[in-house]
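Below is a walk through selected side-chain features of one protein model. Please keep the sequence and the coordinates in view while reading.

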Amino acid sequence: MSRVKIYGIHSVQAALDYSPQHIHQAWVDSHRQDRRLSQLLEDLKKLGINPEKVDRKKLDRLADGNNHQSIVLEIELPSAQSEDALKQAVSSLTGMPLFLVLDNVQDPHNLGACLRTADAAGVHGVIITKDNAVGITPTVCKVASGAAETVPVYQVTNLSRTLRWLKDQGIWIFGAAGEAEQTLYQCDFKLPMALVIGAEGKGMRRLTREQCDWLVKLPMQGSVSSLNLSVATGAMLYEIVRQRSIPS
């Protein structure tokens, strides 16, 4: 794990809630005193971490000029897991499998938002590519609001090969594509599955698309042709959740 700086009340609270064991050091504005910040300081002290009181200029430097809201932490980032870990996770699953696959997604805000939705929707793991894609970064963790610590992220070298392996394990592959003939409301998602979302503006790569058992789309009734990647992912995941919540 690599150590990085995070900042801001919300990010610090998420680190305390979901990964307190990864916090190593803290800095706080020596001139700011309010209830919300005081509670964070108390929580840090309970972990044995005594925040260093510094002036605002030092906090500005630590946060690279970003809005730190008077507090900065040094933490270890959660790390992506391996293909072997994915195989072990699939073999040990007892419920109905649901994986989210992101094909060369490069925007950390999109990855973070997808992780947050994946956590809420009960996704068993998020599969990302090693090359030409964003990994777990401070921005991803900030947007994910704790989900980067709770949702397993598996980083794979050859996505097409990984999808073939998932199919061999009895997991059906659904790919999101604007040119699909059927919408997600016409699909049966009550089966072991992985949902594949393509990169921003490009969609799925050809080899990825070829591994899909079905292509699905969101119905678009306005003038825009597509939704933001993370918004579309949320809409699709929650249709899966809705279908699976209906008694058989």
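**Contacts and ring pairs**

Leaving aside neighbours within four places in sequence, E74 is in contact with R3, V4, K5, H22, I23, H24, Q25 and W27. The model is a predicted one. E74 belongs to strand β4, which covers residues 71-76. Its relative accessibility is 14%, and because buried means under 20%, E74 counts as buried.

The next topic is aromatic rings. A pair of such rings is described by the distance of the centres and the angle of the planes. How many aromatic pairs does a search of the whole structure find? The search finds three. One of them joins F174 and F189 in an edge-to-face arrangement, with 5.0 Å centre to centre and 70° between the planes. The angle counts as edge-to-face because it is over 60 degrees. F174 sits in strand β8 (residues 172-176), while F189 is in the loop between β9 (182-183) and β10 (193-197), so this pair ties together parts that are 15 residues apart in sequence. Both F174 and F189 are buried.

F174 also forms a stacked aromatic pair with W214, at 4.8 Å centre to centre and 25° between the planes. Since W214 lies in strand β11 (residues 214-217) and F174 in strand β8, the pair ties together parts that are 40 residues apart in sequence. Is W214 buried or partly exposed? With a relative accessible area of 32%, W214 is partly exposed, whereas F174, at 2% relative accessibility, counts as buried.

Taken together, ring pairs link F174, F189 and W214 with W172 into a cluster.

How values were computed. Residues numbered from 1 in each chain as written. Predicted model: local features only at pLDDT ≥ 70, side-chain atom pairs only at ≥ 80, totals over all residues. Heavy atoms only, no water. Phe/Tyr/Trp six-rings, centres within 6.5 Å; stacked < 30°, edge-to-face > 60°. Helix = DSSP H or I, 4+ residues; strand = E, 2+ residues; numbered from the N terminus. Buried < 20%, exposed > 50% of the residue type's maximum accessible area, 1.4 Å probe, protein only. Contact = heavy atoms within 4.5 Å.
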